[in-house]
There are 2 protein chains.
Amino acid sequence: MNPDIVKERRNATFDVETLTNILDGGPEKTSRRREIESLVLNDPDFKEQDPNFLSRSERYEQAVRKSAQMILKLREYGIADPEEIYCYKRCVHRDRPEPLDLHLGMFLPTLLNQATPEQMDRFFMPAWNLEIIGTYAQTEIGHGTHLRGLETTATYDPATQEFVLNSPTVSSIKWWPGGLGKTSNHAIVLAQLYTQGNCHGLHAFITPIRDMDTHQPLPGIVVGDIGPKFGFNEVDNGFLKLENVRIPRENMLMKFAKVEPDGTYVKPPSAKLTYGTMVFIRSMIVGDSARCLAKACTISIRYSAVRHQSEIRPGDPEPQILDYQTQQHKLFPLLATAYAFTYVGQYMHDTYQRISGDINAGDFSELPELHALSAGLKAFTSWIANAGIEVCRMSCGGHGYSRSSGLPDIYVEFTPSCTYEGENTVMMLQTARYLVKSYRQAKAGKQLNGIVSYLSEARHGRVQPQPVAARPRVVDINDLASLVEAYKLRAANLVELAAKSIQQELQHRKSQEDAWNNSAIELVRSSDAHCHYVVVKLFTDKLGEISDTAVHSVMSTLALLYALHGITKNSGDFLQAGLLTVPQVLQISTRVKELLSQLRPNTVALVDAFDFHDMKLNSVLGRYDGNVYENMFEWARNSPLNTTEVHESFHKYLKPLRAKL
Amino acid sequence: MNPDIVKERRNATFDVETLTNILDGGPEKTSRRREIESLVLNDPDFKEQDPNFLSRSERYEQAVRKSAQMILKLREYGIADPEEIYCYKRCVHRDRPEPLDLHLGMFLPTLLNQATPEQMDRFFMPAWNLEIIGTYAQTEIGHGTHLRGLETTATYDPATQEFVLNSPTVSSIKWWPGGLGKTSNHAIVLAQLYTQGNCHGLHAFITPIRDMDTHQPLPGIVVGDIGPKFGFNEVDNGFLKLENVRIPRENMLMKFAKVEPDGTYVKPPSAKLTYGTMVFIRSMIVGDSARCLAKACTISIRYSAVRHQSEIRPGDPEPQILDYQTQQHKLFPLLATAYAFTYVGQYMHDTYQRISGDINAGDFSELPELHALSAGLKAFTSWIANAGIEVCRMSCGGHGYSRSSGLPDIYVEFTPSCTYEGENTVMMLQTARYLVKSYRQAKAGKQLNGIVSYLSEARHGRVQPQPVAARPRVVDINDLASLVEAYKLRAANLVELAAKSIQQELQHRKSQEDAWNNSAIELVRSSDAHCHYVVVKLFTDKLGEISDTAVHSVMSTLALLYALHGITKNSGDFLQAGLLTVPQVLQISTRVKELLSQLRPNTVALVDAFDFHDMKLNSVLGRYDGNVYENMFEWARNSPLNTTEVHESFHKYLKPLRAKL
């Protein structure tokens, strides 16, 4: 064990295990999680070659091998609880996406939600037993977030009682679905349904794409891998071109909408029935943001504790880089953010669980707020985690660029979260739509409920920009409740500014739609401020649940740092809204520096509490024992370019060159 | 040609070629650049396989092959001007780093600058003719930016008149030098010189590491590749462990410092002699930042012109995504930044050229300012370009994640600029040191010269934070000269805040060094504001050189957007310093939106003017002809995973699994 990191752990003022238990949701959950993790990590069948040393084809193959093992073992051990399966799976694939993700996460659930009993009989057990391997083919090369724009067609032919599926244009080729390229033999294809001469919009069709026995593509199917990407090397994201592919009428998922044998279309009872899954997945991304940022913080903070560099006082030994104020200022606010997002992720998870029964029973009353919140928070947290991971990586100096650090992989596996399941800017605008609507309702005198209720309170002439000096100084910069209030009023101010911008555009005789588009910058800003308020609030609320005094104390410091650092980054908003004075902003900068020093002795313990096993962290810089350099040297020596001392290109090109010069 | 992109070009209000000529420095320079580019791009010897489809070893080999060809052809064509060589080389390797970079860019120049005539005879021609292939081995696994911390030793043994080189610890293993892993047979090793029992600090030693004939590592040399990285897949960044390696006394580079045969050490005449190269390379990175950001803007803006998605007005066809205000707000300020950094890069280049004669003649009077400026601007521009490239990538939706977009490669090849040649935070602090020193001199009554002279002007009680209302409203938000003034005063205010922070820390009886470290956040902020001021100023100055009215007009709009957008991102600073009022900040937001609309018709033409050849851009999204989707489909079909219809893992793992379930 590296002595620096031992010293750091000795200096912590709280018990790490207590905090880990809080993060897991109780000591018994911690121990069950570790039990599942050790099932995987001690299992020789899941030993892997470092993917960094493999070709893409080898990486894909290794992942398929492990996925197949995983399916067998989950049944062997009888692990059936979805959260436990998820935990096991993440451990098997070390948090990397894998070829069966869409089979397990989209194909099977979609059958469960949208298949008729007859379809369940025909498809579910074969899919459960991996005879049918499926994916979910929605996005097209020319079409992403805007579903109505999808071009794939499914035209009903009553003569044969079949649907005829087609990709009528290049831009309609299905593109991106995971597992489509090589792994799947079926796809749930989203296509515009045509019957009796009318288009009835998007519906889902179970489409065989490869022969069940030979795995060769079926007639009319052009399918393959979309090629290398920024990450996701284990996954065969694919393309699918459909050329007059005929499937039986009974392959349309018909639990809700139907096409009768004669071609008559029967509408679904509600459009909101598939809405819940989307909300669920976006809520999950909030948790992913927290976890990925927490991993990056673990690596960079542990490494900063063992890395010595440069000098603060001449003649002294080189200090730990964690002692530099600039390093603390890069990393500690991100650590606070990782904790904040963890609690927000838990809140979203719990809220979804709480109302999912209602949703299934057809009660959608709480859904709009949760939908707006999950859209905005998905964007807010994934953008910040995305940028934060890179700050962590760059805080590790040169070694952050090495694949051995684990940081490049965390980034490339995480960054698609900013785009998939709803492009972030579009998500922010969806939340803004809810905020502006709520604001208008409040203005019209309606009392708002839930998390946007502040838009009612704030409507008492508060948010006119006016000189700072004229404002009462209400904010106590050391009081979290007061800071939550300040964030709330900032959000209210920005929602009002956005609404006014729309109003002004309308007065210039713009259409509703152009007024909206011409206010989009302000709208995104208002969503951002709303989400920021929610995060500060939920972090503050969480403190009330922590009874351990020592943990409570360090969490309060983190929450205060999160709130105050956010103000320094957005001081213009708070000054503009007259919520803070110039001297207060200067005080906050000073206070942030004090908090950095105050947190310094606890930061290694704070990342330890996330409890990432070394095999999951997969980083020489982030090792629990801090023995970085010897392990980095050993890792490098195993790199494939070192299997021979002399690379063949020397004999082929460099040596012959001499004779020619 | 895609009709959307044709329409965009037709709508431009200025002549693209005129602007390209301005960027190149004159029409004759444009035509010479194109001539060199076509020499490479039409040469079948430089045809390459898409590196995305190759293994790392194949990528390295392809790069070695091209480098060898390049050396031959440069001599064949008689291209000898350094800038033309650089242009040719960048074209050969499509802007990717390559295995001979350090041989050409560090080994040969270091010989030229630091070798004695006898050493030139022995080493230069063999190196020129690639018998000797060298690298520059400075950084160690445990030591980067802080050179004094390097641990490698070179101990003089007068008995044999040799130096004995050693890597005494794991942390002293040389790490990162390009071309060290596989390519080089010599290294210039930076080591602590010990002679007659004393350490004389870092000196450079020409060290043979591989047999000239067999290329096998020599005795006592442990050398290899450091393994895969975030980018730089063509380069064999290497490690080097020295175990009692003996080299002749004459292999120490002795143009300046010397060790006599008896071991007597002779000091160099000036420590600043190797200073100029560092400044030169950092100045180059400013230009790199501009070029990489310009490429990313080219790809994302062209793609945004051909991509249709979603709807602004219901019932209308899907609009070009370039029509969304949020997309404009992401991309156009970055386009303005790419132009700003291009001009700053030219300024740094010209300034360096202007004073390099003085430097070589031993006149270092202008060097401190240029050193401070190059350090800060290297950090400022590389950080902003780094983040900007990712914004461009994410603005392309899902396809930005595909390697076919070219954007992931631009990012991973560029991002190390934030760390190499001086870690960015350290660079910012170096500039801050110069600023604080200048501020103190100004306070002591000295009249400052050069770019920091504003610290004298600003010292008339201006920069006390005080209520906004008490300040005169001097800034005209539509006048660039007035905005330059505002940026200047913002910088002056932040330099003063940093200096005061140090003063306060000293009053709390902190040492100079602790006071500095405890003010590091303010110091970085002050450097950042200083650099921002310099960029706004240089962009504004550049406008005076542009005589073409149409180009002048669009460049003025870009400069205004750059300045005003920067204020919206840092409005707290301007409000705090009392430089702007709250209503002005709101007006600026509105003005930014107007400028986005105003620029909209010219943006495709503005990226065209950068004149990146399609083969250099290497992006299906950024193609000049806008034919994106068909080419993306074709690219995907060539991906190695598609060479067979059925991946062997189906037969090995997936099919056998069925029987077990």
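This is a predicted model: local features need pLDDT of at least 70, side-chain atom pairs count only at pLDDT 80 or more; totals for chains, interfaces and linings use all residues.
1. **The interface.** Let's start where chain A and chain B meet. On the chain B side, 136 residues are in contact with chain A, and they touch 136 residues there. The size of an interface is often given as the accessible area lost when the parts come together. Here chain B and chain A bury about 11,600 Å² between them. Carbon and sulfur atoms account for 62% of that area.

2. You'll find 12 salt bridges between chain B and chain A. One to look up is R313(A) with D514(B), whose closest N and O atoms are 3.0 Å apart.

3. **What chain B brings.** Which helix gives the most to the side of chain B that touches chain A? That's helix 23 of chain B, residues 648–660, with 11 residues. Sorted by class, this side of chain B has 56 nonpolar, 45 polar and 35 charged residues.

4. **Symmetry.** A rotation of 180°, with 0.0 Å of shift along its axis, superposes chain B on chain A with an RMSD of 0.0 Å. The two copies are therefore related as by a two-fold rotation axis. If you want to find that axis from chain B, go to G572(B): its C-alpha is the nearest one in the chain, 1.8 Å away. Both copies use the same surface, since 100% of the contact residues of chain B recur in chain A.

5. **An open sheet in chain B.** Strands of a sheet pair through backbone hydrogen bonds, either parallel or antiparallel. Look for three strands of chain B in the order 4-8-7, forming an open sheet with antiparallel pairing. Why is one side of strand 4 (174–175) and of strand 7 (221–225) in chain B left without a neighbour in the sheet? These two strands stand at the edges, each with a single partner strand, so there is no neighbour on one side. Strand 4 of chain B pairs with strand 8 (residues 238–242) of chain B over two bridges. Within that pairing, K174(B) stands opposite L240(B).

6. **A salt bridge inside chain A.** Over all chains, the structure holds 100 salt bridges. One of them joins the side chains of R246(A) and D157(A), at 3.1 Å from N to O. This pair links distant parts of the chain, 89 residues apart. R246(A) belongs to strand 9 (residues 245–248) of chain A, and D157(A) to strand 2 (residues 153–157) of chain A.

Key:
Residues are numbered from 1 along each chain as its sequence is written. Chains are lettered from A and ligands numbered from 1 in the order in which they are written. Side-chain values use heavy atoms; hydrogens and water are left out. Contact means heavy atoms within 4.5 Å. Buried area is the accessible area (1.4 Å probe) that two parts lose on being put together, summed over both. A salt bridge is a side-chain nitrogen of Lys or Arg within 4 Å of a carboxyl oxygen of Asp or Glu. Helices (H or I, at least four residues) and strands (E, at least two) are DSSP runs, numbered from the N terminus. Ala, Val, Leu, Ile, Met, Phe, Trp, Tyr, Cys and Pro count as nonpolar, Asp, Glu, Lys and Arg as charged, and the others, Gly among them, as polar. Copies are superposed by least squares on the C-alpha atoms of residues with pLDDT of at least 70 in both. Two strands pair if DSSP finds at least two bridges between them.
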